[in-house]
Amino acid sequence: MRIAFLADIHGNLPAFEATLRDVETQAPDAAFFVGDQINRCPWNNEVMDLVMDLGWPAIQGNHELVAAVINTPDNWWPFTERHRFPILWWTQEHLRPEYLPVIRSLPESMHIVVEGAPPIFLVHGVPGNPHIGFYPAVSDEEVRTWLTDVTEPIVICGHTHRPLDRRVDDWRIINAGSVGLPYNGDARAQYVLLDLINGPDGQAWQPSFRQVAYDHSISPQAYRTSGLCEAGGPMAELNLRTLMTGDPWTSDFGVWMRRQPRETADDMWRALESYLQH
């Protein structure tokens with residue numbers, strides 16, 4: 001038995017297409033999407049077209065969660081401030097109307113049961129919160145707190161854009177990495193396979209992390225011709241830089257911004273200049 005898990009595509013069609021070609025060569029028996037199928041790259045509708053055509057089970061990431069409520073009374077601060085999150089607003093406004101109900105209806109987690117195999121818990125970030133993730137620096141104590149109600153020994157997650165295979169007590173936490181915007185310094189598309197093997201204590205899941213090369217050269221032009229660069233400004237430039245390098249420019253800028261005065265967000269180009277100098 002083999003299962004593929006694809007996380008954090010983020011609307012990156014070239015990376016997604018290359019990953020699907022690699023998945024086909026690996027011939028999994030099943031495949032799942034681990035959230036954040038959309039946002040940050042220009043091809044959100046094209047990615048959703050493929051997601052729907054494939055029909056693989058999917059869960060909601062934090063980007064689907066927020067994009068689903070923008071321009072509705074259910075939106076909440078700080079995502080109500082368009083100048084701070086222009087790409088999320090652009091994505092929501094350019095996503096075809098039929099896909100808004102789809103992303104709103106995605107479950108936040110999923111239980112995967114294969115006869116004779118250890119059960120799997122699928123979640124984007126951590127249980128109950130898709131906005132934070134299982135980073136290596138997080139203490140075992142905090143991981144235990146997050147997983148208090150999780151009975152499955154295998155936890156598959158995404159969000160951090162970094163592959164991870166970590167054991168805490170009886171849990172094995174596996175991050176699939178990111179298809180569209182890796183943060184681990186490797187700009188190739190990344191995903192994970194789980195193979196059911198005979199272990200010393202019976203059947204066990206063994207992860208294999210895959211890296212898939214693809215053509216990045218069309219991405220800068222696509223960011224510009226789609227209108228994403230114009231709408232997204234400095235955030236679009238950081239996302240493109242992340243796509244091209246595999247380095248966490250966008251995430252790091254977000255962490256830096258949280259330490260700045262609130263009014264820093266009033267001029268994002270100036271904020272970006274200060275960040276790059278820093």
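Strands are DSSP runs of E with at least two residues, helices are DSSP runs of H or I with at least four, and both are numbered from the N terminus. Before you start, know that this is a predicted model, in which local features need pLDDT of at least 70, side-chain atom pairs count only at pLDDT 80 or more, and totals for chains, interfaces and linings use all residues. Residues are numbered from 1 along each chain as its sequence is written, and side-chain values use heavy atoms, leaving out hydrogens and water.

Select residues 189-199, strand 8, and residues 202-212, strand 9. They pair (DSSP finds at least two bridges between paired strands) in the antiparallel sense, over eleven bridges. Two residues sit between the strands of this hairpin. Now pick Ile197 and look across to strand 9: Ala204 stands opposite.

**Stop two: Asn62.** Select residues 62-67 to see helix 3, which includes Asn62. Asn62 is buried, at 10% relative accessible area (buried is under 20%, exposed over 50%, partly exposed in between, with a 1.4 Å probe and protein chains only). Which residues does Asn62 contact, leaving aside neighbours within four places in sequence? Show Asp36, His124, Pro130, His131 and His159; contact means heavy atoms within 4.5 Å.

**Stop three: two cysteines.** A disulfide needs two cysteine sulfur atoms within 2.5 Å, and the whole structure has zero disulfides. Cys41 is buried at 0% relative accessible area, and Cys229 is buried at 10%.
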